[in-house]
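Please look through the sequence and the model shown below before reading on.

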Amino acid sequence: MRSLDFPYTRLGALFLPIVPVTITSRNVTFRTDAYVDSGAFYSIFRSELLNSLELRKEQGRIKMLKAADGKLIRGYLFRLTLEIGNIKLRPLIAFSDQLNVGFNLLGRHTVFSSFDEVAFNERRKTVSFRLSN
Amino acid sequence: MDHDYFARHFPSLVRKHGGKWIVLVQGHLVGISHKGKLAGLIAKARAQYPASTPFIAPIPTRQEIECVL
């Protein structure tokens, strides 16, 4: 089994499961960080990143998403290439300008589900993405 | 490399620049700005390091981190 292990990012007494990802649209690639959120169904990225991908939100499929506070927010879904370590995925990613969270979020749909296991080790402060060979 | 920089400086970035965006290339800080000036920062990164992939990330505020927890 292949395992990609990432140490948590520390902020004082807090340890956060933030991992580096590479995201690609048709012609543009950049790296960013994303918070691994087992409570999120969709992966939701900040809409400011659409410009960097040379995409317009109107090109995406509109989807209403329920935020952690219960409010509905509007997202624009795109199928893009996302790399975690050396694993390349084609997930659906929502971009929203109503995401009042200072992170990009990696959710279960087409990201967690691309792996056999996504494990949070709170003692070792690591998050691992595991895939059968 | 850029993720390591971000993780290493995360506490001070949150404290001093929460709510802004950071752009890095190959472990070098290109700049930190509000979202209105992000496009200019990315253009600068691509001009300075045309062969490299930039790192672009929002810097959360302390309040936003507490929201996600």
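This is a predicted model: local features need pLDDT of at least 70, side-chain atom pairs count only at pLDDT 80 or more; totals for chains, interfaces and linings use all residues.

Two strands are taken to pair here if DSSP finds at least two bridges between them. Strand β1 of chain A is joined by 6 bridges to β14, residues 126-131 of chain A, and the two run antiparallel; at one place along them, A:F6 stands opposite A:V127 in β14.

Taken as a whole, chain A has a secondary structure of 1 helix and 14 strands. Its radius of gyration is 15 Å, which is close to the 14 Å that the globule rule gives for 133 residues, so chain A is as compact as a globular protein of that length. Along the principal axes, the C-alpha atoms of chain A fill a box of roughly 40 × 35 × 25 Å. Of the 133 residues of this chain, 36% count as buried. Among the contacts in chain A between residues at least 6 apart in sequence, 55% join residues at least 24 apart.

Where in chain A does strand β11 sit, enclosed or open? Because 4 of the 5 residues of this strand, which spans residues 92-96, are buried, β11 is largely enclosed by the rest of the structure; a residue counts as buried if 20 or more other C-beta atoms lie within 10 Å of its own. Strand β6 of chain A, residues 43-46, is joined to β11 by 4 bridges and runs parallel to it, with A:S96 in β11 as the bridge partner of A:R46. Strand β8 of chain A, residues 72-79, also pairs with β11 over 4 bridges, but in the antiparallel sense, and there the bridge partner of A:L77 is A:A94.

Chain B has 4 helices and 3 strands, and from the N terminus on its elements run α-α-β-β-α-β-α. The radius of gyration of chain B is 12 Å, close to the 11 Å that the globule rule gives for 69 residues, so this chain is as compact as a globular protein of that length. Its C-alpha atoms fill a box of roughly 35 × 25 × 20 Å, taken along the principal axes. Of the 69 residues of chain B, 33% count as buried, and among its contacts between residues at least 6 apart in sequence, 49% join residues at least 24 apart.

How do the two chains meet? In the model, 25 residues of chain B are in contact with 20 residues of chain A. On the side of chain B that touches chain A, at least two residues each are supplied by α1 (2-8), α2 (10-17), α3 (38-48), β3 (55-58) and α4 (62-68) of chain B. The residues on this side of chain B divide into 18 nonpolar, 4 polar and 3 charged.

The largest nonpolar core has 49 residues, and those with the most contacts inside it are A:A34, A:Y35, A:L105, B:I22, B:V23 and B:I56. Strand β1 of chain B gives the most to this core, with 5 residues. One of the residues with the most contacts in the core, A:L105, is in contact with A:A34, A:Y35, A:D37, A:A40, A:S43 and A:I44, once its neighbours within four places in sequence are left aside.

Most residues other than glycine have a negative phi. In chain A, however, A:E54 has a phi near 55°, a positive value, and it lies in the loop between α1 (48-52) and β7 (61-66) of that chain. With 10 C-beta neighbours inside 10 Å, A:E54 counts as exposed. In chain B, the phi of B:Q26 is near 50°, again a positive value in a residue other than glycine, and B:Q26 is found in the loop between β1 (21-25) and β2 (28-33) of chain B. B:Q26 has 14 other C-beta atoms within 10 Å and is therefore partly exposed.

Key: Residues are numbered from 1 along each chain as its sequence is written. Chains are lettered from A and ligands numbered from 1 in the order in which they are written. Two residues are in contact if their C-beta atoms, placed from the backbone, lie within 7 Å. Ala, Val, Leu, Ile, Met, Phe, Trp, Tyr, Cys and Pro count as nonpolar, Asp, Glu, Lys and Arg as charged, and the others, Gly among them, as polar. A residue is buried if 20 or more other C-beta atoms lie within 10 Å of its own, exposed if 12 or fewer, and partly exposed in between; C-beta atoms are placed from the backbone. The radius of gyration is taken over C-alpha atoms; the globule rule is 2.2 Å times the number of residues to the power 0.38. A nonpolar core is a set of buried Ala, Val, Leu, Ile, Met, Phe, Trp, Tyr and Cys residues joined through C-beta atoms within 7 Å.
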